[in-house]
Amino acid sequence: MRACLLLIWVLLVLPAHGAAFDYGLEPRLIAPDTWLVEGRREAFSEHNGGHIVNVVFLATDEGVLLFDTGPSRRFGEQLRAAIGRITDKPVVHVFNSHAHPDHFLGNQAFDDAVIWALPAVRELMARDGEALAGNLYGLVGDWMRGTAVRLPDRSIEQERFDFGGHRLRLIALQGHTGADLALLDETTGVLLAGDLVFHQRALTTPQTPGIGVWLDDLERLEKIGYRLLVPGHGPPAPDARALIQTRDYLNWLDRLLRESAEAGLTMNEAMRAALDPRFEGVALRRYELQRSVSHLYPSYEQRALTSPPGPKYHEKAHR
């Protein structure tokens, strides 16, 4: 009798459990041929399964071009199904913007496409991908089941890429992780900035080569003539507001860390610093400040100990 009841319980629970792993992906049209699947402005959790990243695809007569694939094999499969509701054309090209797990661990679902990345991005994936996948599994649990690292097929060496009637410019930058791809669709004016730009969600800093490098990249992006900027996280913006918010946050963070280190504050004291009211509407600002202090503060402490006294230098000079 107990075995029979257990079987009934399994049959009842398994379908509901399977249904629970639904990312609810709903692409929306943001420009001609251009579809956005917007991520949540949250931290990784078992509740969201890692669905915190923006994914964009072009649906053209020649097929589909996809920018980033999400945090898991399951996400990639559901993304592929969502694309299939928009077009019956195949996914032909995939571009991975950088080597953070929420942007490339859906690659498995697109094995029949050509997957592209900057050479250094591929190297970072090969070196760190398994560890990153394991860390993400610890944060979101069984959403990750069956996920494995699928490396890109081809390295991006060119600056131009034309596809499906769209003239695309591939822009190699490095401020967020040391190897970061942005993509400008010159046909529509849509700029896919990846995680070089965050909007209404505090940015992450674990692999940045330096805030000054990041600020230089933003200056380069600011000079590009775009009509709509899609950040890696947060809502798209038809003007410079997302880029400006990212730049202002980086300058504030740099100044906070520098002044805290020069004042001799401990890491814990720096983590408890007052938040700038300009970023009142930015999600996860305290959470990401604490993470940024843990990543970056030791280098600021070292600089404060070794820098000679004298005039303060501008934030962009920091490397």
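**Exercise 1. State the secondary-structure content of residues 52–233 and the distance between the end C-alpha atoms.**

Solution. Over residues 52–233, the chain is 29% helix and 30% strand. Helices (H or I, at least four residues) and strands (E, at least two) are DSSP runs, numbered from the N terminus. The end C-alpha atoms of this stretch lie 7 Å apart. An unreviewed UniProt entry places the feature "domain: Metallo-beta-lactamase" at residues 52–233; UniProt positions follow the numbering used here, feature names are shortened, and annotations may be inferred rather than shown by experiment.

The model is predicted: local features need pLDDT of at least 70, side-chain atom pairs count only at pLDDT 80 or more, and totals for chains, interfaces and linings use all residues. Residues are numbered from 1 along each chain as its sequence is written, and side-chain values use heavy atoms, with hydrogens and water left out.

**Exercise 2. Compare the span of helix α2 with the expected one, then locate its buried residues.**

Solution. Step one: α2 covers residues 73–86, which is 14 residues. The expected span is 1.5 Å times one less than the number of residues. From first C-alpha to last, α2 reaches 20 Å, close to the 20 Å expected.

Step two: Phe75, Gly76, Gln78, Leu79, Ala82 and Ile83 are buried in α2. Buried means under 20% relative accessible area, exposed over 50%, and partly exposed in between (1.4 Å probe, protein chains only). Down the axis of α2, the buried residues fall within an arc of 165°, so they line one face of the helix; the arc is that of the directions from the helix axis to the C-beta atoms.

Step three: the cover over these residues includes β2 (34–37), β3 (55–60), β4 (63–67) and β5 (91–95).

**Exercise 3. Identify the residues with the most contacts inside the largest nonpolar core.**

Solution. A nonpolar core is a set of buried Ala, Val, Leu, Ile, Met, Phe, Trp, Tyr and Cys residues joined through side-chain atoms within 4.5 Å. The largest one has 54 residues, and Leu66, Leu79, Phe95 and Phe110 have the most contacts inside it. Helix α4 gives the most to this core, six residues. Another core, of 39 residues, lies apart from it and has Ala182, Ala193, Trp252 and Val282 among its members.

Beyond four places in sequence, phenylalanine 110 touches residues including Leu66, Gly76, Leu79 and Ile83, where contact means heavy atoms within 4.5 Å.

**Exercise 4. Describe the surroundings of arginine 150.**

Solution. Arginine 150 sits in the loop between α4 (119–140) and β7 (154–155). Its relative accessibility is 14%, so arginine 150 counts as buried. Leaving aside neighbours within four places in sequence, arginine 150 is in contact with Asn107, Gln108, Asp111, Ala113 and Ile115. Its side chain also makes a polar contact with the side chain of aspartate 153, at 2.8 Å. A polar contact is a pair of N or O atoms within 3.5 Å; within protein, one must be able to donate a hydrogen and the other to accept it, and residues adjacent in sequence count only if both atoms are side-chain atoms.
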